[in-house]
Amino acid sequence: MPDLFRFQVTEEYEEERIDKYMSILIDSLSRSFIQKMMKEEKVLVNGRPVKANYRLKTEDEICFELPEAVEPDIEPENIPLDILYEDADVLVVNKPKGMVVHPAAGHYSGTLVNALMYHCKGSLSGINGCLRPGIVHRIDMDTTGSLIVCKNDIAHASIAAQLKEHSIVRRYRAIVWGVIKEEEGCVDVPIGRHPSDRKKMAAGVRNGKEAVTHYRVLERFRSYTYIECRLETGRTHQIRVHMDSIGHPILGDPVYGNRKCPFQLQGQTLHAMTLGFIHPVTGEYVETTAPLPGYFQHLLDTLPK
């Protein structure tokens with residue numbers, strides 16, 4: 001049976017477009033997927049189907065059902081996984097550099113999803129569509145580290161709600177250009193699509209979404225700083241955009257910062273080290289730590305001070 005969801009609109013979302021509201025409400029659902037559901041009249045407001053541009057009113061009741069998961073036309077592949085935690089509902093993997101999380105144009109094999117389909121034998125949540133089974137959040141292709149995967153829709157809905165409430169602990173390690181003088185700081189600047197380059201994100205743009213990154217210095221080098229970043233929100237490229245916005249882009253980042261890297265690196269030195277969440281079934285707190293990849297540790301051992 002399809003999963004049925006009901007939400008009542010609060011005053012803060014008065015006059016918001018319904019497709020945008022639903023993408024905020026359930027961060028794991030893409031806006032295009034939501035619009036497709038509306039065309040199929042699977043989204044009702046006060047008992048009636050609406051279009052994607054419908055403007056919400058306070059106390060509107062939204063009801064929608066997610067269709068049963070369709071068997072994806074993506075092949076399972078026997079790709080080794082570095083599993084940090086696993087049970088019947090969730091698993092946490094340590095994603096290597098260069099691995100794409102889910103299939104997309106140009107990447108239909110060798111992705112984390114291909115590996116998960118082989119490992120989990122069909123036990124993955126279907127909420128996020130047939131190309132992203134089990135995927136509730138993402139990290140960039142060249143970012144390494146912890147990623148949570150959901151094996152069923154109950155777990156998916158719980159983790160998605162925790163992501164929306166910013167209650168999941170996410171701590172990253174990064175090496176940035178320049179020497180940060182203060183011991184810690186916070187970047188609280190909205191992030192949205194870059195106004196002229198649609199492949200990039202930008203800080204402080206009109207209609208950007210709230211984005212908060214806390215950082216603290218772990219070690220200083222002659223020309224770089226090793227830091228820990230803690231996410232309050234989870235916007236696309238958030239740490240990369242925020243650190244660049246304060247003049248300390250991430251070392252090796254090919255998109256942000258516009259600085260030539262003196263080292264032979266494959267993308268940014270950014271690692272999702274710690275992930276903590278409330279287990280969707282047991283209610284217990286689960287925390288995993290992904291060790292630094294070898295190239296990252298080698299840099300820390302050899303950078304001049």
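This tour moves through selected side-chain contacts of the structure shown above.

The model is predicted, so local features require pLDDT of at least 70 and side-chain atom pairs pLDDT 80 or more, whereas totals for chains, interfaces and linings use all residues. Residues are numbered from 1 along each chain as its sequence is written, and side-chain values use heavy atoms, without hydrogens and water.

Begin with glutamate 86 and lysine 151, whose side chains form a salt bridge with an N to O distance of 2.8 Å. The term denotes a side-chain nitrogen of Lys or Arg within 4 Å of a carboxyl oxygen of Asp or Glu. Glutamate 86 belongs to strand 5 (residues 83–86), and lysine 151, 65 residues apart from it, to the loop between strand 7 (144–150) and helix 4 (153–164); helices (H or I, at least four residues) and strands (E, at least two) are DSSP runs numbered from the N terminus. Lysine 151 is buried at 14% relative accessibility, while glutamate 86 is partly exposed at 35%. Buried means under 20% relative accessible area, exposed over 50%, and partly exposed in between (1.4 Å probe, protein chains only).

Select glutamate 183 and arginine 220 next; their closest N and O atoms are 3.0 Å apart in a salt bridge. Then display Arg171, Arg173, Arg216, Glu228 and Glu287, which salt bridges with shared partners join into one network.

Finally, select Trp177, Tyr224 and Phe263, a cluster linked by ring pairs. Rings of Phe, Tyr and Trp (its six-membered ring) pair if their centres lie within 6.5 Å; planes under 30 degrees apart count as stacked, over 60 as edge-to-face and the rest as tilted.
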